[in-house]
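I set out to record what could be looked up in this structure, entry by entry.

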Amino acid sequence: MNATEDSTEQSGNSLTRELTQNPLKKIWVPSSTNGLPDRHISQRKVCMTNCPTLIVTVGLPARGKTYISKKLTRYLNWIDVPTKEFNVGQYRRECVKIYKSFEFFRPDNEEGLKIRKQCALAALNDVRQFLTDEGGQVAVFDATNTTRERRETILRFAEQNGFKVFFVESVCEDPDVIAENIVQVKLGSPDYTHCNTEEAVADFMKRIKCYENSYQPLDEELDRDLSFIKIIDVGRRYLVNRVQDHIQSRIVYYLMNIHITPRSIYLCRHGESDLNIKGRIGGDSGLSARGKEFAKSLGQFIQSQNIHDLKVWTSQMKRTIQTAEAVGVPYEQWKALNEIDAGVCEELTYEEIQQRYPLEFALRDQDKYRYRYPKGESYEDLVQRLEPVIMELERQENVLVICHQAVMRCLLAYFLDKTAEELPYLKCPLHTVLKLTPMAYGCKVESVCLNVDAVNTHRDRPSNIDVSRLPEEALLTVPDHH
Amino acid sequence: MSTEQELTQTPLLKLWLPGMGRALGQRRGSSRPQFTNCPTMIVMVGLPARGKTYISKKLTRYLNWIGVPTQGECISCASNALKDIANYFTKEQGQVAVFDATNTTRERRGAIISFAKEKGYKVFFIESVCDDPEIIEANIMQVKLSSPDYENYDKEEALVDFLKRIDCYKMSYVPLDEEKDRHLSFIKIFNVGSRYLVNRVQDHIQSRIVYYLMNIHVTPRSIYLSRHGESELNLLGRIGGDTGLSSQGQKYAKALAEFIRGQSIKDLKVWTSHMKRTIQTAEALGVPYEQWKALNEIDAGVCEEMTYEEIQATHPEEFALRDQDKYRYRYPKGESYEDLVHRLEPVIMELERQENVLVICHQAVMRCLLAYFLDKSADDLPYLKCPLHTVLKLTPLAYGCKVESFYLNIQAVNTHRDRPTNVNVARKPEEALQTVPEHL
């Protein structure tokens, strides 16, 4: 097929635009007549919504609004939807440097009301900046927003700026849940550094009381034209109204799958494999002798942890399955957990990749997250492939995931809120188990090295990532191997 | 515990399983994640003409497509139905049974719950509540009037009669209640999806069901499915790869553009894969399109870019295994149709959300999508006819899908290979290659 200079003039057999394959992502894009890539092609991105979305939390204090906001923000950023949360309480703390007592929140405290309204407006202003000027797609406005009046203000603001609004309300009357909430996240708050536990709890309960009288929950009838989800009793029941688009549908699905039952997620790689020893990437080889030793140690470690109802997941590659076999409990194989597909570079050493594909090797160092191997995958592809795994991990309780280096980096990045830049360089060495336990607003990580030697497979980003670099510069950070 | 445990890779599915000494029943790994650990009864609830059968059939079709053996039951006689369901679960290894009836009284539902409890089945209720008279009337017109009950009536009379029928049920109708039924697992759908109440989702499959129900709609629309125009590798009889269009293929792209313009479709979305040939085809349309990696053709692994003759010559056993079970067969270092379906699930979900869409894809991919819309079994799916240069227009109608096929009159090679008679590994090459279509 011939490229033509001015193909729009020609009838007959040539298409209007020539396609070229973008060297980094291996995406076919049309180039316009001046040879530059044209703009109007869209890639399948998760958020196919045509305007930014404002998520607004609603609920009394200690109902998990901030927990939900932070978790949702983390999830959306992981699936590549630029999201940011705006916690009005934070603005208030910056404004009113020292928190004295619940009196600040009394409904008849004029001064308090004024400050709180100012803080809300300041936060909304930052929301506008994020969504309009900084390329944000979703903003989570985290505050009580318990009155219809306040919500009206927000709706007007959104309308003026062309944002869609989706409310997330958390309703809970279970005193145990509320008490646990207060212990987990309120006692450690800057507001209460000067109090002992009893004082803090008493003050906080009075704070909640200040909101109760004026609380107008979202109503099926009165608010029937709004888009919202009402989460009742930490997910026992949901009321979902008027989901407008794809992103809202995904948000609802996510919120309906998360829970707060205490549990731990164990992440580890397969034991050292035969290809690992040779410094070769990918492939489907079996465990080396040391890898088998690790598998045995892993079995012992898991036993010693006395985990209630542990689920074990592996990929469909031999090395993870061999590892699981030694743990001695039933396991499930997920194709989605397979290692990143290195395409034409499968089973090559880094030295061989440098030799045969020096351009590819450099491009990968330039943008390791988005770089796609020829006829293979990118980390970006991996994240998309792993999304159902994350969704199921959210639904489950105690799980051990035996997977691979790139896969483990993606999962870890989700739990520890790492950026796309950091993700491909997260350290996930062989023969080390990471135990993740959700705590307060984040995740506690415990790293357990099972004391079985293994090769290092971690290659850092070298200083020279230019295509014209010398082989030695490219291979500077390659770990030792046979 | 011996870690010297040898693993062998099953030839068809390419799954690694623990060695020869183990009895199959003790096999530990499963190749797909568990949807649920015990059979589930889905029980429809609602007055007549609320879309219960529409939802049942659609849900059944979806669950079967994603690999959950499901059976729909339109019930007139309750006690027989329960017996049939028990049978389906125990004798036929079914996982989900949909009990489609009004089930409008607490008593009736109580009986179903007791039955399920006794047998160890989970129960999930789907209630459809609608008070919009326009929707109800449209419903009646679409599916009730053509029922044998109304053969001799004129439309107006039939409508009136049916509305009276509904009234009879209304008297004793007790909807699911947030309070009284708080221990049950259910979803209440209000007015065709403007609002949902979801209570006590117990497991993965119920969560998927809820997600699906919340994404479907009844707004009229059409879905157009087409393959890319004929490609250079198509001409050579080679599978897979990432080549551009042949000159016939380019002609098709132009013809497709004209056809689409002629259809005057409102707000059409166009989707392609990441492969050059579908994108080149879309380019000719002159409208924005979205590229989905999930729409890429099936990965033929080590067989990529080979002709069938070459596959027979270099991998005769693989070639035979594929003919033995084309749906589950996975190419070495590649994919199976079963993998494809799994990969396409988010595409289907988004297609359900959307309205008018044109999907420009590939042969195996199109077969999977078509099987979803036309409720084809895993056995039929890999042999569905999806020739080049033909557009299929699917329009949801009543409980199914109307299909219109448009051949755009641009010559192309045939890429359809039927299952040959001899699928035995010991067969001769000629027998294996008997059904290979012509190529250069």
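**Notebook: chain A**

I looked up the charges first: chain A carries 63 positive and 69 negative charges, and their mean positions lie 2 Å apart. I note that the model is a predicted one.

Next I recorded the overall extent. Along the principal axes, the C-alpha atoms of chain A fill a box of roughly 75 × 75 × 40 Å. I looked up the secondary structure and found 15 helices and 15 strands in chain A.

I then turned to burial and surface. Of the 482 residues in chain A, 57% are buried, that is, under 20% relative accessible area.

Among contacts in chain A with a separation of 6 or more, 68% are between residues 24 or more positions apart.

I found an open sheet of six strands in chain A, with the order 12-11-13-10-14-15 and mixed pairing. Strand 12 (331–333) and strand 15 (442–449) of chain A each have a single partner strand, so they stand at the edges and one side of each lacks a neighbour in the sheet. On average, neighbouring strands of this sheet are turned by 20° against each other, direction ignored.

I noted one bridge by residue: A:M439 has A:G442, in strand 15 of chain A, as its partner.

Methods. Residues numbered from 1 in each chain as written. Chains lettered and ligands numbered in written order. Predicted model: local features only at pLDDT ≥ 70, side-chain atom pairs only at ≥ 80, totals over all residues. Heavy atoms only, no water. Pairing = 2+ DSSP bridges. Helix = DSSP H or I, 4+ residues; strand = E, 2+ residues; numbered from the N terminus. Axes fitted to C-alpha atoms, helices over the stretch in contact; angles between N-to-C directions. Buried < 20%, exposed > 50% of the residue type's maximum accessible area, 1.4 Å probe, protein only. Contact = heavy atoms within 4.5 Å. Lys, Arg positive; Asp, Glu negative; His and termini not counted. Charge placed at Lys NZ, Arg CZ, Asp CG, Glu CD.
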